[in-house]
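Please keep the sequence and the model in view while reading.

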Amino acid sequence: MKSIQSATLLFKRIRLHSFSTSLFARQKGLVIGAYETPSGEECTELSPVGQKLDDKLGGKLRNALNGLPAGIGKLGRVVTLVNVSDEFPQIAVAGLGSKDADFSPIEYLDVGKENVRIATGAGARELQKMGVQEIAVEGFNKAESAAEGATLGVWYYTDKQVETKVELYEGGEPEEWERGVTKADAQNIVRCLCETPPNYLTPRIFTIRARDLLCPYGVQVFARDTRWMKIHHFNTLMSLGASSVEPPMFLELNYCSDPEPTTKPYMFIGQGTTFNSGGLCVRECEKMIRADMASAAILLGVFKAVAAMRLPINLRAFIPLYENMLSGTAMKSGDVLRIKNTVLRTEHTQNHSQIVMAEAMTYAVKIYPPELVFALGTLSSNIQNTIGATSAVWCRNDYIWDHVNYAGAVTGDRMWRYPLFLDFANKIRERTDVDVSNLGIGRRGEPNLIAAFLNYFADPEIDFTYIDVTGASDIANGYVHYLAANLMTGAPTRGIIQLLCHLNYCKEQVRAAAKKEERSEAEN
């Protein structure tokens with residue numbers, strides 16, 4: 001109980017961070033933009049709202065900027081002007097890059113929106129460093145992206161009780177701004193959970209955090225203990241959880257808001273390894289996976305955002321929570337376990353999470369038949385060696401992949417598709433003494449073997465997608481200006497939220513077409 005109270009106090013102390021207490025702390029700041037001008041042109045081209053403000057100030061902004069070195073509009077660069085305006089003593093002019101930035105089929109990214117996130121994030125953070133606590137941000141006619149960039153940009157993991165407030169100035173619709181703030185807040189929650197020390201985020205404390213976060217929004221939260229697991233034969237989860245003095249938990253989340261309650265839900269399976277030492281195949285200290293419960297944290301953020309936006313969908317998530325520790329009761333390499341009628345072998349105790357995720361999926365699909373199944377995990381660090389800070393996707397259905405891919409392009413949480421080749425499915429079934437093994441004989445193509453293992457347990461009649469977020473959710477490298485360097489990113493939270501928005505839109509279009517056809521038949 002004492003540790004839970006300490007964890008609650010820790011979370012209460014975590015706020016948006018202000019780096020300074022300068023004389024600007026009680027004053028307002030403003031973020032506007034400037035476009036990158038062709039080489040040789042000295043005149044700075046301001047954004048529409050920036051130009052409007054400059055006209056109001058009698059050209060003071062442009063005069064101040066033209067006296068500075070070239071390159072003001074370079075993407076991510078920020079120039080701070082002081083005492084140019086009485087209303088805003090601090091004005092950050094953030095570089096937007098090219099004025100013609102649009103959707104890039106080569107990058108498969110909405111570059112225009114991403115540039116707005118970068119500019120607003122960099123500008124808001126620069127003002128925050130100077131101690132400005134109230135920051136107005138230009139919407140650049142992409143208010144949702146501006147809100148995301150600014151809200152993500154000012155977040156910092158700290159225990160100081162100082163908040164930085166960001167609000168829309170001009171250049172966008174308030175509804176779009178609020179939607180962007182909701183999505184960014186969800187990602188900040190994920191970042192906070194991923195940065196939390198593991199002794200303050202045990203399986204039990206994680207379920208308490210889920211309850212406190214989601215229940216006020218109407219999300220049902222069920223925390224199952226080991227007695228429930230024994231009744232429902234969660235053998236692998238109990239075997240893994242036995243390695244720690246902290247008992248495992250099984251978390252269920254349910255959000256039901258579809259106008260037709262009988263509609264099958266979209267189902268998510270998350271990985272909830274609150275601490276991963278590697279088990280008996282122990283890792284070196286510096287290689288112990290940080291925030292191995294990132295996918296579980298992402299699901300909390302997604303559910304909060306979906307409920308806050310009142311998205312009319314049915315959504316369920318199932319998250320096995322446990323610690324993988326080194327002890328006399330830890331799972332051993334070569335152990336044989338059973339999931340329902342399937343006998344499996346654990347080749348390596350560092351690759352255990354797919355086993356409990358498969359067990360959770362087998363249970364959930366049988367009890368609550370879904371429309372689609374998505375599994376989220378941080379199951380292979382090898383992903384980062386190939387695609388870096390991008391999420392890897394294995395998908396049975398091309399139509400679903402198109403939605404996943406586009407959601408990533410719109411939000412900047414880009415995805416890359418990997419194959420579900422039959423070769424990998426055969427490899428995990430090479431052993432003759434068991435039905436399947438968690439990696440097969442040998443570990444070449446490890447990420448694909450893990451995906452093949454999950455795909456083996458997925459219902460063949462239901463579209464299944466696995467998203468590995470190892471690289472996307474890991475420590476930010478500083479190249480994305482709206483995500484603080486050396487802190488967890490919380491991605492692809494906004495991408496998953498956007499995916500659900502797209503799926504809901506398509507569902508509503510299909511229903512509208514069906515009703516229109518029914519009316520037409522009735523009239524005839």
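## Cavities

The structure holds 2 cavities of 30 Å³ or more. A cavity is a set of points, on a 1 Å grid over the protein atoms alone, where a 1.4 Å probe fits but cannot get out, and its lining residues have an atom within 4 Å of a point; grid points are joined across faces, edges and corners, and a volume is the space filled by probe spheres set on the points. This is a predicted model, in which local features need pLDDT of at least 70 and side-chain atom pairs count only at pLDDT 80 or more, while totals for chains, interfaces and linings use all residues. Residues are numbered from 1 along each chain as its sequence is written, and side-chain values use heavy atoms, with hydrogens and water left out.

The largest cavity has a volume of about 50 Å³, and its lining consists of His232, His233, Phe234, Ile339, Lys340, Glu359, Thr362 and Tyr363. Helix 11 gives the largest share of this lining, 3 residues, where helices (H or I, at least four residues) and strands (E, at least two) are DSSP runs numbered from the N terminus. By class the lining of the largest cavity has 3 nonpolar, 3 polar and 2 charged residues; Ala, Val, Leu, Ile, Met, Phe, Trp, Tyr, Cys and Pro count as nonpolar, Asp, Glu, Lys and Arg as charged, and the others, Gly among them, as polar. The second largest cavity holds about 30 Å³ of space and is lined by Met361, Val365, Val373, Arg396, Ala458, Asp459, Ile462 and Phe464, which divide into 6 nonpolar, no polar and 2 charged residues.

## Helix 11 and helix 15

The axes of helix 11 (residues 353-367) and helix 15 (residues 446-457) come within 9 Å and cross at roughly 20 degrees, which makes helix 11 roughly parallel to helix 15. Axes are lines fitted to C-alpha atoms, for helices over the stretch in contact, and angles run from 0 to 180 degrees between N-to-C directions; angles under 35 degrees count as roughly parallel, over 145 as roughly antiparallel, 65 to 115 as roughly perpendicular and the rest as oblique.

The contact (heavy atoms within 4.5 Å) is made by Gln354, Ile355, Met357, Ala358, Met361 and Thr362 of helix 11 and by Ile450, Phe453, Leu454 and Phe457 of helix 15. Its residues comprise 8 nonpolar, 2 polar and no charged ones.

## Packing against helix 17

Helix 6 (residues 174-195) packs against helix 17 (residues 493-523) at an angle of about 135 degrees, with their axes 8 Å apart, and is therefore oblique to helix 17. Lys183, Ala184, Ala186, Gln187 and Val190 in helix 6 meet Thr493, Arg494, Ile497 and Gln498 in helix 17, a contact with 4 nonpolar, 3 polar and 2 charged residues.

Helix 13 (residues 398-411) and helix 17 pack at an angle of about 130 degrees, their axes being 8 Å apart, so helix 13 is likewise oblique to helix 17. From helix 13 the contact includes Tyr399, His403 and Val404, and from helix 17 it includes Arg494, Gly495 and Gln498; the contact as a whole has 8 nonpolar, 5 polar and 1 charged residues.

## Backbone details

The peptide bond from Ala491 to Pro492 is cis, with omega near 5 degrees, and Pro492 lies in the loop between helix 16 (470-473) and helix 17. Asn83, although not a glycine, has a positive phi of about 60 degrees; Asn83 is found in the loop between strand 3 (78-82) and strand 4 (90-95).

Notes:
On a 1 Å grid over the protein atoms alone, a cavity is a set of points where a 1.4 Å probe fits but cannot get out, and a pocket is an open set with protein on both sides within 12 Å along at least five of seven lines; lining residues have an atom within 4 Å of a point.
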